[in-house]
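Work through the exercises below with the sequence and the model side by side, and try each task before you read its solution.

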Amino acid sequence: MERHEAHISEIRELARKFTPEQIENCIMQQMQEDTNICDISGSTEHVVSELAKAGFVSDLIDKGMSMTDAVRELAKRIRLVQKAFKESEE
């Protein structure tokens, strides 16, 4: 559970610091250069995943949603995707 909480705090921090456009630029930069100006490191898969989540949250905040509600919406969508994968495996 601690690992999950660390990801959420990282996503919140990225969403606070960067606009959705800046996050998108960081994703592109990570994929092309294996580095990014958003100051997040790790495997490209990890970085792109975390940046995509932060971009989603940042976009919802730009549309007027609170940080808490935006993170809840992200979690809800992640659960829906996970549920769909589990159902397709059965």
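**Before you start.** This is a predicted model, in which local features need pLDDT of at least 70 and side-chain atom pairs count only at pLDDT 80 or more, while totals for chains, interfaces and linings use all residues. Residues are numbered from 1 along each chain as its sequence is written, and side-chain values use heavy atoms, with hydrogens and water left out.

**Exercise 1.** Describe how H3 and H4 cross, and state which residues meet there.

*Solution.* Start with the handedness: the crossing of H3 and H4 is right-handed, a term used if the near helix is turned clockwise from the far one by less than a right angle. Helices here are DSSP runs (H or I, at least four residues), numbered from the N terminus. Next take the geometry: helix H3 covers residues 44-62 and helix H4 residues 67-89, and the two pack at an angle of about 135° with their axes 9 Å apart. That angle makes H3 oblique to H4, since angles under 35 degrees count as roughly parallel, over 145 as roughly antiparallel, 65 to 115 as roughly perpendicular and the rest as oblique. The axes are lines fitted to C-alpha atoms over the stretch in contact, and angles run from 0 to 180 degrees between N-to-C directions. Finally list the residues: Lys-53, Phe-56, Val-57, Leu-60 and Ile-61 in H3 meet Met-67, Ala-70, Val-71, Glu-73, Leu-74, Arg-77 and Ile-78 in H4. By class, this contact of H3 with H4 has nine nonpolar, no polar and three charged residues, where Ala, Val, Leu, Ile, Met, Phe, Trp, Tyr, Cys and Pro count as nonpolar, Asp, Glu, Lys and Arg as charged, and the others, Gly among them, as polar.

**Exercise 2.** Determine how H2 and H3 are oriented towards each other.

*Solution.* First read the angle, which is about 165°, with the axes of H2 and H3 lying 8 Å apart. H2 and H3 are therefore roughly antiparallel to each other. The contact includes Ile-23 and Cys-26 of H2 and Val-47 and Leu-51 of H3, and its residues divide into ten nonpolar, four polar and two charged.

**Exercise 3.** Decide whether Glu-50 and Glu-90 are buried or exposed.

*Solution.* Apply the cut-offs of relative accessible area: buried means under 20%, exposed over 50%, and partly exposed in between (1.4 Å probe, protein chains only). Glu-50 lies in helix H3 and is buried, with a relative accessible area of 2%. Leaving aside neighbours within four places in sequence, Glu-50 is in contact (heavy atoms within 4.5 Å) with His-7, Glu-10, Ile-11, Leu-14 and Ile-40. Glu-90, by contrast, is found in the segment after H4 and counts as exposed at 81% relative accessibility.
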